[in-house]
Amino acid sequence: MVPATVAAVLALAVAAAPSAPVPTDSLFAVAWRRNLVAPYLLEYKPFEPAGPAIDPLTGMVVVATRDGFVQAFSADGKELWYARLVGPYLGPPAVGDGLAIVAGLDGKVFAFDAARGTFRWMYEGREEFGSQPVVVGELVYVATLEGTVLALDARTGTWKWHFRREPSGKFIILGVGRPAVVDGVLYQGFADGSVVALDAATGAVKWDRRVGRGAFPDVISDVQVGKDRVFVA
C-alpha cells in the first residue's frame, strides 16, 4: 500500500505533426510528490477527499487531510508550514486575500496567514462543515452537511449571517457543494433538491427553486454560474 500523497504535475510541450500520434508518456511528468497520511490499518486504497487548494499568485499548495493536518507547500514542493487540527476535512482549503481557510467535520473554521501559517482566527459552529470555503471581498462563505450556508468576516471570523434549509425528513445523500458567489449573489444547492439564490452581503433570499426530482433529488455538487444561467446536478 502507498500513503495518500499530494503531487504536482507538469504539462510538457510535444513537438509533433498534427497528424502524428502523440505518445501519452510524454504529455505529463510528476514534478514533485509529498506523502500526507500513512495508510490506516486494513486500508487498501488510501485517499484524501478534500483535495488541494492552489494560490494563483504564488503557486503555493495548501491541503487539509483526513487526520486533521493542514499543510502548505511552495510551488516547487518545499514544505512551508503545517498546523495540527482535528478535522477530518471533506472540502479543500480556500486561499485568498492572504489567508488560508479550512472548514472541517469538527464544526470549526480556521484561518491562517497563508504565507507564514500563523493562526488568525477560529469560528466554532454546531454543524459539520463539508464544503470548500469561498473568500469574496471581506466575507468567507461555507456550507454544512446539515443544510446551512453562512458568511463570516474574513478579518475576524465573526458571524455575519446564515441561511438554513431544514431537512425534508426523507432519506438524503449526505453531502454539500461549494457556494458560488457571482456579482453579489450567492448560489447554493441543498440535499432536499432545492437551489437558493441569496444576497451575498446580507443573506436575504432572492429566489428559491426546487429542482431535484426522483428518489434522490439531492443537489450536492458545486453550483456553476454562466453568463445568464445557473447549472446544477
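How many bridges join strand β13 to β14, and in which direction do the two strands run? Strand β13 (residues 148-153) is joined to β14 by 5 bridges, and the two run antiparallel. This is a predicted model, in which local features need pLDDT of at least 70 and side-chain atom pairs count only at pLDDT 80 or more, while totals for chains, interfaces and linings use all residues. Residues are numbered from 1 along each chain as its sequence is written, and side-chain values use heavy atoms, with hydrogens and water left out.

**Sheet**
- An open sheet is formed by 4 strands in the order β11-β12-β13-β14, with antiparallel pairing (strands are DSSP runs of E, at least two residues, numbered from the N terminus; two strands pair if DSSP finds at least two bridges between them).
- Its edge strands, each pairing on one side only, are β11 (134-136) and β14 (159-164).
- On average, neighbouring strands of this sheet are turned by 20 degrees against each other, direction ignored.
- Trp 161 in β14 stands opposite Ala 151.

**Loop at Gly 137**
- Gly 137 sits in the loop between β11 and β12 (139-143).
- With a relative accessible area of 53%, Gly 137 is exposed (exposed means over 50%, buried under 20%, partly exposed in between; 1.4 Å probe, protein chains only).
- Gly 137 and Ala 154 are 17 residues apart in sequence, and their C-alpha atoms are 8.1 Å apart in space.

**Val 9**
- Val 9 belongs to strand β1 (residues 4-11).
- Val 9 counts as exposed because its relative accessibility is 54%.

Notes: Axes are lines fitted to C-alpha atoms, for helices over the stretch in contact, and angles run from 0 to 180 degrees between N-to-C directions.
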